[in-house]
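Have the viewer open while you read.

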There are 2 protein chains.
Amino acid sequence: MRNVTDSTITQAVVRSFDGATDPRFKHLIERLTHHLHAFAREVKLTPDEWMAGIDFLYRAGKISDEARNEFILTSDVLGLSSLVDMLHSAAGGTERSALGPFHAENSPMLAVGGDIKRDNDGEPMLVHGLVLDAKGKPIPAARLDFWQAAINGKYWQQDSEQSPDNLRFRMVTGKDGAYAFTTVRPAPYNVPYDGPVGDLLRAGGRHAWRPAHFHFIVSAEGYRPLTTEVFFEDDQYIDQDAVFGVRESLLVNPRRNTDKALAQRHGLPLPFHSVEFDFHLSR
Amino acid sequence: MRNVTDSTITQAVVRSFDGATDPRFKHLIERLTHHLHAFAREVKLTPDEWMAGIDFLYRAGKISDEARNEFILTSDVLGLSSLVDMLHSAAGGTERSALGPFHAENSPMLAVGGDIKRDNDGEPMLVHGLVLDAKGKPIPAARLDFWQAAINGKYWQQDSEQSPDNLRFRMVTGKDGAYAFTTVRPAPYNVPYDGPVGDLLRAGGRHAWRPAHFHFIVSAEGYRPLTTEVFFEDDQYIDQDAVFGVRESLLVNPRRNTDKALAQRHGLPLPFHSVEFDFHLSR
């Protein structure tokens, strides 16, 4: 490659990976090289701009730890995470959305109809629905893994006032595929704004807000696990999610509910708000 | 953006940066988003592959420190650093090449004709030439900043046996624009192979060798500073540089020299090897 020039270097880099044994890896690295070089050529990237990019990644590395991954956040605010989710939402299944950084293993088990609002401040709410297959048939013994932020916009990991099992649970649906629980309506929150991603957002005149949401991982034997979020249509940030996680099909409209029997069964005051959302799993 | 889909998300991300006040930043982030998304779409990037990419960056962050920047190395082995150099080599000037990680400030001053081989093992060599403008006119009082690896392929930073001022210097040319010094021929060396970049190279069936080279930063009042490397045409890795830094115009062919007067002036045995290379600076 002594004669490599700006018009031959892309091919030279691609060829240097000729010895790769995994054809998918080879394809990915070839296309990544192609797009990376096309970007640099198209904008005629300067050495100073290149260095600013390197510095961004270096600082992202320094601020990242097990509880915070600034590279995921970078991917989130550039819409890449959502695009990958969208490219892999299965036909007929509920759309995927961001896992985010706050999922924790081994949440407490909760029976169908149980309560997690406990002593949390905020608007009480009944959340219920069905877990169905792509044809609309209920899936018995489906598993839900749920987590949400509190009314102050914080997850338990960010807030020493919350107990470690606050506002999260795992649940197994009955034979009818139904799930139900009572909780409080979560609040919008800021993604971390104090690192290189914060600098990027500020340079772009962007805020760091996400609309409030519930997080779910829904799974069942023989079906593809689904990671998704459920949003509130009347949220002030619904059209400005900093990480592009909102999907039209994932919006709910909390309903003013006056069903006395339901209120009594769940220990809710009248009227109460309820949200109904069905999940569709694909094979 | 509640109705964002895989075909509208790129535009949604671009629009989110509408508030950017710096037009160049806005352009860069728009084109970066475009290419990043085009890559993900084209290869239909899976969530697992996305996670492998995030993990690569996370590990690169953890292994990086002030003495080692794995992000620069990533850019190097993907040819991006060289491409940026090539895009900005000025017409009429000597081609740019990699700065690399081993440049140190404040190298000792050396008079024109001085020696830096001292007690280093290796083949003695006279290196000389001129610093010229783009039209070939000598530039008086041009500044050279030089560094190279020893015969074991290591820079002083990597080798406790070398003194901190070994094999590096700064020099000011005379009125004739001439520089000259005696040194030893450097050896090829490996870029770091023990981090995520090493994993990438191994997955691609690639080695980590760079052909031996001299590093120069050449500058003069009123001219654009030039960072470049000079390589040996007969080096075994000349066509396989792991970081794509070799340029045809930066190759030298050490000459078997029998000039008695020159040998005597520089304290060299007869015959000795000499390398002649002229630098062209652009305004």
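A word on burial before the points: a residue is called buried if 20 or more other C-beta atoms lie within 10 Å of its own, and exposed if 12 or fewer do. Also keep in mind that this is a predicted model.

1. Let's begin with helix H4 of chain B, residues 70–77. How many of its residues are buried? Eight of the eight are, so the helix is largely enclosed by the rest of the structure. The buried set in H4(B) consists of B:Glu70, B:Phe71, B:Ile72, B:Leu73, B:Thr74, B:Ser75, B:Asp76 and B:Val77. The cover over these residues includes H3 of chain A, along with helix H3 (47–63), H5 and helix H6 (196–203) of chain B. Past the end of the helix, take a look at B:Gly79, which follows H4(B) and has a positive phi near 75°.

2. Next, how the two chains relate. In general, two copies of a chain are related by a rotation about an axis and a shift along it. Here a rotation of 180° with 0.0 Å of shift along its axis puts chain A on chain B, with an RMSD of 0.0 Å. That is the relation of a two-fold axis. Both copies use the same surface, as 100% of the contact residues of chain A recur in chain B. Which residue of chain A comes closest to the rotation axis? That would be A:Gly61, whose C-alpha is at 1.9 Å.

3. The interface itself: 68 residues of chain A are in contact with 68 residues of chain B. On the chain A side, helix H1 (9–16), H2, helix H3 (47–63), helix H4 (70–77) and helix H5 (80–87) each supply at least two residues. H2(A) gives the most, with 16 residues. Sorted by class, the side of chain A that touches chain B has 36 nonpolar, 19 polar and 13 charged residues.

4. H2 against H2 deserves a close look. A pair of packed helices is described by the angle between their axes and the distance between the axes. For helix H2 (residues 23–43) of chain A and helix H2 (residues 23–43) of chain B, the axes come within 10 Å and cross at roughly 160°. Angles over 145 degrees count as roughly antiparallel, and that makes H2(A) roughly antiparallel to H2(B). The crossing is right-handed. H2(A) makes this contact through A:His27, A:Leu28, A:Arg31, A:Leu32, A:His35, A:Ala38, A:Phe39, A:Glu42 and A:Val43. From H2(B) come B:His27, B:Leu28, B:Arg31, B:Leu32, B:His35, B:Ala38, B:Phe39, B:Glu42 and B:Val43. The class count for the contact of H2(A) with H2(B) is 10 nonpolar, four polar and four charged residues.

5. H2(A) also packs on another helix of chain B. Its axis and that of helix H5 (residues 80–87) of chain B come within 10 Å and cross at roughly 20°. Are the two roughly parallel or antiparallel? H2(A) and H5(B) are roughly parallel to each other, and H2(A) passes H5(B) in a right-handed crossing. The residues that meet are A:Leu36, A:His37, A:Ala40 and A:Arg41 in H2(A) and B:Leu80, B:Leu83, B:Val84 and B:Leu87 in H5(B). By class, that contact has six nonpolar, one polar and one charged residues.

6. Now some backbone items to check by eye. Most residues other than glycine have a negative phi, and most peptide bonds are trans. A cis peptide bond joins A:Leu270 and A:Pro271, with omega about -10°. A:Pro271 sits in the loop between helix H7 (260–265) and strand E12 (272–276) of chain A. In chain B, B:Leu270 and B:Pro271 are likewise joined by a cis peptide bond, omega about -10°. B:Pro271 lies in the loop between helix H7 (260–266) and strand E12 (272–276) of chain B.

7. Last, two positive phi values outside glycine. A:Ala141 has phi near 55° and belongs to the loop between strand E2 (124–133) and strand E3 (143–148) of chain A. Is A:Ala141 buried or exposed? With 12 C-beta neighbours inside 10 Å, A:Ala141 counts as exposed. B:Arg118 has a positive phi of about 40°, in the loop between strand E1 (114–115) and strand E2 (124–133) of chain B. B:Arg118 is exposed too, with 12 other C-beta atoms within 10 Å.

Key. Residues numbered from 1 in each chain as written. Chains lettered and ligands numbered in written order. Predicted model: local features only at pLDDT ≥ 70, side-chain atom pairs only at ≥ 80, totals over all residues. Helix = DSSP H or I, 4+ residues; strand = E, 2+ residues; numbered from the N terminus. Axes fitted to C-alpha atoms, helices over the stretch in contact; angles between N-to-C directions. Parallel < 35°, antiparallel > 145°, perpendicular 65-115°, else oblique. Left-handed = near helix turned anticlockwise from the far one by under 90°. Contact = placed C-beta atoms within 7 Å. Nonpolar A, V, L, I, M, F, W, Y, C, P; charged D, E, K, R; others polar. Least-squares fit on C-alpha atoms with pLDDT ≥ 70 in both.
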